[in-house]
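Welcome, and please open the model in your viewer. Keep your selection tool handy, and we will go from stop to stop.

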Amino acid sequence: MNPWTPDTLRIWNKLTQPALNRAGEALSNLTAQPVRLEGIGTRTVAWPELENKIHLDHPDRDPVYATHLGAFGLFPADILLVFSEAAAAGLLAVLTGEPEKQPFELDEMAVSALAEVGNIIGTAFLNVFADTFQQPWEPTPPRVTVGPFARLVAEVFPHWKPQDQVLLSEAVFRVGDSVMEGYLVVVPRPWSEAPQAVAKEGSRGEGIGG
Amino acid sequence: MKVLVVDDAAFMRMRLKKLLEDQGYEVVEAQNGREALERYQDAQPALVLMDITMPEMDGIEAVRTLIERDPDARVVMVSALGQQAMVLAAIQAGAKDFIVKPFQPDRVLTAVAKWAAVAERSS
């Protein structure tokens, strides 16, 4: 199933860079450092293609860090922000103002900080679209998960089908002199799902897994 | 002067707590709207800083309930959800101000000082 028509894709492409700009400004405020988010491109891909792409960049021995938010209002969707361990460690160092920990450890405060990064970036996206369409588009509390991408997908999207098309926006984070790569994956949900049910699911950081 | 900070993110509560304690405020914390209602009753804070997106009970519902119970409650929203419709919903629910997260420290301190002064005059 591909819910992404050429029109919706055009709108998404048009609004993605403004949304990334707003997310960058928000992260700058949060970190007190210049942060710029640059969109590399937005396209639709089938789940297996996305999994292969992330698997090539980050094989199973190289876990990815993901923050998941549900979204309801404008249209029901799931938003997944995916970072490599290096990017997650770099972002945390910037957020906390402390040097990167070696080896990298994800303690309770680190989970909370990563959740907040996901919340800030994801909500900046939702805000741009909501204000453009004059309709609320609200997130659920973010949930952080860690592990091989295939396992994250199985956990977060238990009903995924290989033929389902998801929207992938790739972005580069520039924080001061550092460059970090991240992925933003948007998965529309069937309209039949009740927004209230989406809104009440999960809670921040509880989904953490090794 | 006591301030109730309501946010499900420990990271954000820590940042707000440090900011406020450095200015001499006493901080009480809650992780969601439901817990905020309990803490408010126990602690009787001069001001509440309230997030919106939280599990259990969101910030808009918590403000609405809080204002029903105490029409003089002073609540300032601190949320990333700065959509026009949400700002309006928060103000209609009874919030006095809306600060978009991530916040500028001065913006928070100015709002806290303003409503703390109002609380002091009315006590």
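A nonpolar core here is a set of buried Ala, Val, Leu, Ile, Met, Phe, Trp, Tyr and Cys residues joined through C-beta atoms within 7 Å. Keep in mind along the way that this is a predicted model.

**Stop 1: the core.** Start by selecting A:Ala23, A:Leu114, A:Val185, B:Val48, B:Leu49 and B:Met50, the residues with the most contacts inside the largest nonpolar core, which has 104 residues. Next, colour helix 4 of chain A: the largest share of this core, 14 residues, comes from there.

**Stop 2: one residue up close.** Centre the view on A:Leu114. Which residues is A:Leu114 in contact with, leaving aside its neighbours within four places in sequence? Show A:Tyr65, A:Thr67, A:Ala88, A:Leu92 and A:Val144, and you have them.

**Stop 3: where the chains meet.** Now display both chains; their contact takes 21 residues from chain A and 18 residues from chain B. On the side of chain A that touches chain B, select helix 1 (6-31), helix 4 (108-133) and strand 4 (137-139), the elements that each give two or more residues. Helix 4 of chain A gives the most, with 12 residues. Colour this side of chain A by class and you will find 10 nonpolar, 6 polar and 5 charged residues.

**Stop 4: a helix pair.** Finally, select residues 47-57 and 149-156 of chain A, which are helix 2 and helix 5. Their axes lie 9 Å apart, at an angle of about 140°, so the two helices are oblique to each other.

Methods:
Residues are numbered from 1 along each chain as its sequence is written. Chains are lettered from A and ligands numbered from 1 in the order in which they are written. This is a predicted model: local features need pLDDT of at least 70, side-chain atom pairs count only at pLDDT 80 or more; totals for chains, interfaces and linings use all residues. Axes are lines fitted to C-alpha atoms, for helices over the stretch in contact, and angles run from 0 to 180 degrees between N-to-C directions. Helices (H or I, at least four residues) and strands (E, at least two) are DSSP runs, numbered from the N terminus. Angles under 35 degrees count as roughly parallel, over 145 as roughly antiparallel, 65 to 115 as roughly perpendicular and the rest as oblique. Two residues are in contact if their C-beta atoms, placed from the backbone, lie within 7 Å. Ala, Val, Leu, Ile, Met, Phe, Trp, Tyr, Cys and Pro count as nonpolar, Asp, Glu, Lys and Arg as charged, and the others, Gly among them, as polar. A residue is buried if 20 or more other C-beta atoms lie within 10 Å of its own, exposed if 12 or fewer, and partly exposed in between; C-beta atoms are placed from the backbone.
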